[in-house]
Amino acid sequence: MHEASLARAARQTRQGTSAVVADLLMSSRGDTLATFAACERSLPDLRVPLRPELNPPLWELGHVGWFQEYWIARNPQRGSGVRSDPLAPRAVPLRADADALYDSSRVAHDLRWRLPLPDAAATRDDLARQFETTLDLLRAAGTGDDALYFFRLALAHEDMHHEAALYMARGLGIAIDDPRWRARVLPEPGDPLSLAARRWRLGGAAEGGFAFDNELPGAEVALDAFAIDAQAVRWAEFLPFVEAGGYEQLQWWSEAGARWRAAQASGLPRYLRHRAGAWENWRGGRWDALDPAEAACHLTKFEAEAWCRWAGRRLPSEAEWECAACTAGPVFRWGDVWEWTSSPFAPFPGFEPHPYRDYSAPWFDGRPVLKGASHCTQPRMCHPKYRNFFPAGRNDVPAGFRSCVR
């Protein structure tokens, strides 16, 4: 999507009126239910293997509705926005045992496979009733940012879970037919973009409207001059490293990366194989010819770093990526894959957690920041200040990278 279109979509999410937010919530719920229906068609019993990167689809669906109800209908301080007390006593849920089933802060991941979850029909009914209440409360809400804060948070939360559902579907071999979520073809890479030394205000996205707590209050950083790729690295650029034996040559890998590589059964990127002299890509439960013009995707940070060392490049810092995205204009293409950076996910000085305490603070553990968005991300979630964060060894996420050099 064009940069201007992404900016408009993000403004709707972060600064839209109650009527706009209502429309977006309805759109998000439609996508949630459509992707869940695709899972139902492929998995009639809705059972999935117990893996760290998965959740049971029924649990995911119920959790989305629970989160919305918990922070809106059941929250007596919903009109206070970021100043609300997260521990304020809640009203009772529509489903009496909802907290014991769906509260991700209390229900351990592995336990979710053993819970007495309602069936699909009952879960959809719960979501419909919860959603009707949400829209009624939204119509009665005020117009300020505090009044709309939790409605915008619930929208972002559902959009994030929808993206997770899409990449979980890929891992399970479930075909998603909606063309909006297909990987896009990138053009031939042009020259890197050269940016002059400067001071940059990293984060600090609160310009009126919604912002995530980890974006605030921002920090001033000094940037040396640097050159950065105008787009993500494509398979056409990444695969020569693989074909040259890069996965077996330890000089390209960090110590942590070498440990990750040694634990893998295959010396290839996830979802790729080489057959009869050609590369194939596993998507939608089948092997098809790989398009080398797609952005290299489902890579760990370790793989991205190894390619950069092999190519004589490096990963950009979070500040370098954000500065380029905000100042270079449309020539800086982003939104095809989440992009690993060299920066750890850490709070900015003066950080204050928002009421949903578990969103950021538990994850300030050294994991890296990813910037941008992917082809599975709702366009309205795309914002250059947004900070994503996953452990460096995750490759189920549609993540890739671009490179940088001083």
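The largest nonpolar core holds 100 residues, and the members that touch the most others are Phe238, Phe241 and Phe401. Such a core is a set of buried Ala, Val, Leu, Ile, Met, Phe, Trp, Tyr and Cys residues joined through side-chain atoms within 4.5 Å, where buried means under 20% relative accessible area with a 1.4 Å probe, protein chains only. Helix H6, residues 145-172, gives the most to this core, with 12 residues; helices are DSSP runs of H or I with at least four residues, strands are runs of E with at least two, and both are numbered from the N terminus. A second, separate core of 5 residues includes Ala232, Ala295, Cys297 and Val337.

This is a predicted model, in which local features need pLDDT of at least 70 and side-chain atom pairs count only at pLDDT 80 or more, while totals for chains, interfaces and linings use all residues. Residues are numbered from 1 along each chain as its sequence is written, and side-chain values use heavy atoms, with hydrogens and water left out.

Among the strands, E5 (residues 272-275) runs antiparallel to E6 (residues 278-283), joined by 4 bridges; strands count as paired if DSSP finds at least two bridges between them. Histidine 274 has tryptophan 279 in E6 as its bridge partner. In the turn of this hairpin, alanine 276 has a positive phi of about 50 degrees. E6 also pairs with E7 (residues 286-289) in the antiparallel sense over 4 bridges, and in that hairpin glycine 284 takes a positive phi near 65 degrees.

Notes
Buried < 20%, exposed > 50% of the residue type's maximum accessible area, 1.4 Å probe, protein only.
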